Amino acid sequence: MILQYVRNTMTTARSSEFLRYLGPGFLVTVGFIDPGNWATNIEGGSRFGYSLLWVIALSTLMLILLQNMSARIGIVSGQSLAVNIRRNMSRPVSGFLGVTIFLACAATDVAEYLGAALGFYLLFGIPVIIGAILTLVIVVIAILAQRYEHLERMIVVFLAGIALAYLIEMFIVGPDMGATALGMITPKVSSDSILVAMAMLGAVVMPHNIYLHSNVIQSREWSGDPERRRKLMKFELADTTLAMLMGWAVNSAMIIVAAAVFFKHGVKVTSIDQASETLRPLAGTLASALFGFALLLSGLGSSITSSLSEANVVTGFLGKPEDPHSWFYRVGLIVTSIPTVIVIALNTDTYRMLILSQVVLSIQLPFTVIPLLLIARNRRVMGEYASKGVEWALGIVVAVIVIVLNILLIYRTFGGKFSF
């Protein structure tokens, strides 16, 4: 049904007009094909085979719904989600939410910068800390020297490179397609796999990306024309759906490759660089090189979007201009990124750090989903476009799933056992 909607949108609109619109969804998508996903997907595939593929499928469906809500808030209100929360919720509540999403952004930065640094290390032998500093320089230059359209094109090229690399790897490793199909449609989780499942959920439904979409969508002008706005929202849903499905395919491919190589051969993966090295004898030198290439593209692309999101969150909650050319934005972008480089320099267990950073995102997720639903439902903000009916009901279901999974994670943390 979703794909039929996309096809109808493309056929009823002039294809050139629709293609010019594409971009915001893909800018967001690279954030959930990030190095944090690398770690969680490799962990999930290598330890539990194909059995956690359903988490990626469910998370992607949830993500399409939430990202569409966020983008619609940006289109209708003309303001980001962060600004809408600050304006429509009490100061203590908005302050608390602002602190939680900032911490989530900081955790995201660690994963993104670390992934890019590991990519530099795997491909060129550059030390991780130098790679992290190099990533920071590239991110600052890319954001401050470019316009959104140029960033979008850059990210689309990165996504295409990542997808191509994993398509070739899938062909090389020859996965069990029957087990793949079963893993995608059979929900299964236990006390052993809940931490990884939650990390995978946080790595896909990333809270900072929900905030980011409501901001970057405003780069598409609609000039106050109601008919143009309706068309813009149709294009947005099609753009979001295509981009999220691409992300689903790449994330699934990561798990499938890990299951087909590491799980099949009983290899315990403890680091990203070990995964790359292990691929070489088991799947060939090309697979190992493609792994490093895709990781570097993923790290650079997601570092850009993560830093964009962090700067937008800070400016939005503090009531400062959401303008990349303002001095506050520029200083904030650099200052908020420096702690990430310090954390990377001080921590040696990079693999564990990647996974735990994604768990932090999952724990914060209810504090993004619930205010998102409230703003999307607010008729004073959204008018005739307020969330209702099936969409609102599905939003409630998503919020319940996220909260229940977090409860299971806390239960597991204190020694509880379960399996279903």
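Biologist: Which helices each supply at least two residues of the lining of the largest cavity?
Modeller: Those are α5 (53–77), α11 (194–204) and α20 (389–413). Keep in mind that this is a predicted model.

Biologist: OK, and where does the largest share of that lining come from?
Modeller: From α5, which puts in five residues.

Biologist: Which residues line the largest cavity, then?
Modeller: The lining is made up of W54, V55, L58, S59, M62, V189, A197, L201, I401 and L405.

Biologist: What volume does the largest cavity have?
Modeller: About 60 Å³.

Biologist: And how many cavities of 30 Å³ or more turn up in the whole structure?
Modeller: The search finds three.

Biologist: Switching to the outside now. Which residues form the nonpolar patch on the surface?
Modeller: L164, L167, I168, F171, I172 and L286 do, and together they have about 620 Å² of accessible area.

Biologist: Which helix gives the most to the nonpolar patch?
Modeller: Helix α9, residues 148–173, with five residues. F171 is found in that helix, α9.

Biologist: Is F171 buried or exposed, and why do you call it that?
Modeller: F171 counts as exposed because its relative accessible area is 73%, and the cut-off for exposed is over 50%.

Conventions. Residues are numbered from 1 along each chain as its sequence is written. This is a predicted model: local features need pLDDT of at least 70, side-chain atom pairs count only at pLDDT 80 or more; totals for chains, interfaces and linings use all residues. Side-chain values use heavy atoms; hydrogens and water are left out. Patches are made of residues with over 30% relative accessible area and no salt bridge: like charges are joined within 9 Å, nonpolar side chains (Val, Leu, Ile, Met, Phe, Trp, Tyr) within 5 Å. Accessible areas come from the Shrake-Rupley method with a 1.4 Å probe; for residues, only the protein chains shown count as cover. A salt bridge is a side-chain nitrogen of Lys or Arg within 4 Å of a carboxyl oxygen of Asp or Glu. Helices (H or I, at least four residues) and strands (E, at least two) are DSSP runs, numbered from the N terminus. Buried means under 20% relative accessible area, exposed over 50%, partly exposed in between (1.4 Å probe, protein chains only). On a 1 Å grid over the protein atoms alone, a cavity is a set of points where a 1.4 Å probe fits but cannot get out, and a pocket is an open set with protein on both sides within 12 Å along at least five of seven lines; lining residues have an atom within 4 Å of a point. Grid points are joined across faces, edges and corners, and a volume is the space filled by probe spheres set on the points.
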